[in-house]
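Here is a short walk through one protein chain. Keep the sequence and the model side by side as you read.

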Amino acid sequence: MCRHQPPCPSADSADREAAHLVAHCPEQGWSLLCNGVLLFEDTGELLPDGKIIGPRRPLDAGGVTTAA
């Protein structure tokens with residue numbers, strides 16, 4: 001799908017998130033990359049072949065602040 005030079009990483013490569021942005025819908029929380037990957041704001045991904053990559057949020061809750 002990518003027509004950039006040099007070409008963007010493919011959807012099955014480890015650095016697939018480095019591909020160029022094709023469409024962005026912040027109100028729905030997703031972005032489409034030129035390699036066909038749907039990237040979600042929770043860091044989850046949907047690959048063009050239908051494979052799901054789960055969110056990779058930090059496991060440490062130390063940075064979370066709660067209201068009193």
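This is a predicted model: local features need pLDDT of at least 70, side-chain atom pairs count only at pLDDT 80 or more; totals for chains, interfaces and linings use all residues.

Residues are numbered from 1 along each chain as its sequence is written, and side-chain values use heavy atoms, leaving out hydrogens and water.

Start with the fold. The chain has 5 strands and 0 helices. Its order along the sequence is β-β-β-β-β. Helices (H or I, at least four residues) and strands (E, at least two) are DSSP runs, numbered from the N terminus.

Next, the interior. Of the chain's 68 residues, 26% count as buried, meaning under 20% relative accessible area; exposed is over 50% and partly exposed lies in between (1.4 Å probe, protein chains only). The largest nonpolar core holds 8 residues: Cys8, Ala11, Ala19, Leu33, Cys34, Val37, Leu47 and Ile53. Such a core is a set of buried Ala, Val, Leu, Ile, Met, Phe, Trp, Tyr and Cys residues joined through side-chain atoms within 4.5 Å.

Ile53 is one member of that core. Leaving aside residues up to four places away in sequence, Ile53 touches Arg16, Gly44, Glu45 and Leu47. Contact means heavy atoms within 4.5 Å.

The chain exposes about 5,100 Å² (Shrake-Rupley method, 1.4 Å probe). Carbon and sulfur atoms supply 58% of that area. Leu46 is found in strand S4, residues 45–46. Leu46 counts as partly exposed because its relative accessibility is 30%.
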